[in-house]
Amino acid sequence: TTEDPGELRTPIVAVLGHVDHGKTSLLDKIRGSAVIEGEAGAITQHIGATAVPLDVVSEVAGSLVDPTEFDLPGLLFIDTPGHHSFSTLRSRGGALADIAILVVDVNDGFQPQTEEAIRILKDTGTPFVVAANKIDTIPGWNPTEDAPVQQTYDNQSDRVRSQLDEALYELIGELSGAGFSSDLYWRVQDFQSNIGVIPVSAETGEGVPDLLTVLMGLAQRYMKSEMEVNIDGPGAGTVLEVKDERGFGTTLDVILYDGTIRQGDQIVVGGTNETIVTEVRALLKPRELAEIRTEKRFDDVESMQAAAGLKIAAPDLDEAMAGAPVRVVGDRDVEAVVEEVEAE
Ligand code: GTP
Ligand code: MG
């Protein structure tokens, strides 16, 4: 198509699932860089965000994704923690999402936080796909790095293949028990009424091309109209973390899910005691494919458009609150925006 991809908002893809089922590893594979190594005990404790541009998506997806068929700018992935104590962060991640990947360890099946994630997706009405992860751990597995599912299936023995099929059908049964009709993704015609299950390995990259293809297809076919928002309008986002940054003082890590934010913009931020009204001093953008949680280097930019993970430096942010809304005032009345933020 000939549309300018800059006109469409980047869809937000939340990655949800039980602890250790491989959410961060899967994103590491897509990014081509490891965040998991930087995590204490490899347990994710914060929400992360990584922007993956369309050309990288199609590169990872190989022949399965033709970039000329898509006019979305790429995908913004939100990593969430699976540990039971972080349910607020999971809800926050789920609420931000346009689409979600539910990661399930194919050997472990449904676990408590898998069920919790399903409840969040049901409550928010977020369309999702299931990544049946760790297929490489099936005994006797013959890996083919980064191969699409069909190719890697063909390279397995009958015994291995039937063991995988059995695990996948068990998962489809569990999804049905949770009220969702699902099937292996290549049998799904309508991804809105039927959840696609995609066998993957975050370790070997097998099935990752398929996962990205299904996601892009879903996003393009069903979300495009929702992405045709006024991304030049006043920015709206959610605070992920309030952090001290050398040279900048207290800063906010933010997911911008709507509109545009510019240097010098007046913004309203939810605070622990009072609502904060301040002015953007600097907008700091993580490097391409970098994860906002672990990134140390940021580019100072003039403006950013949704959806994006970014760091905001501004005066008076000490009392800002994680999870609170951030709104650019624009040409609206400040008082009205303060009321809007306080009503959230
Ligand atoms: P939390 O963020 O704490 O909820 O965990 P997570 O879902 O992000 O899991 P993580 O990516 O940290 O992976 C947990 C462990 O499983 C790590 O040791 C990974 O190396 C391993 N792992 C993840 N995916 C795979 C896979 O596909 N195959 C194999 N063999 N190991 C995997
Ligand atoms: Mg993790």
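Reader: In β5, which residue is the bridge partner of L102?

Author: The model is a predicted one. Strand β4, residues 99-105, and strand β5, residues 128-133, pair in the parallel sense over six bridges. Within this pairing, the bridge partner of L102 in β5 is V130.

Reader: Which strands are the edge strands of the sheet?

Author: Seven strands form an open sheet of mixed pairing, in the order β2-β3-β1-β4-β5-β7-β6. An edge strand pairs on one side only, and this holds for β2 (48-53) and β6 (182-184). From one strand to the next the twist averages 25 degrees. The edge strands are therefore, given that pairing requires at least two bridges, β2 and β6.

Reader: What angle does the direction of helix α3 make with that of β1?

Author: Helix α3, residues 87-96, packs on the sheet, where it touches β1 (12-17), β3 (74-79) and β4. Its direction makes with that of β1 an angle of about 145 degrees.

Reader: How many residues of the shell around ligand 1 are polar?

Author: There are 22 residues around ligand 1, and G22, S25, T44, G82 and E203 come nearest. Helix α1, residues 23-31, supplies the largest share of the shell, three residues. By class, the shell holds six nonpolar residues and five charged ones, while the polar residues number 11.

Key:
Residues numbered from 1 in each chain as written. Chains lettered and ligands numbered in written order. Predicted model: local features only at pLDDT ≥ 70, side-chain atom pairs only at ≥ 80, totals over all residues. Helix = DSSP H or I, 4+ residues; strand = E, 2+ residues; numbered from the N terminus. Axes fitted to C-alpha atoms, helices over the stretch in contact; angles between N-to-C directions. Contact = placed C-beta atoms within 7 Å. Near = placed C-beta within 6 Å. Nonpolar A, V, L, I, M, F, W, Y, C, P; charged D, E, K, R; others polar.
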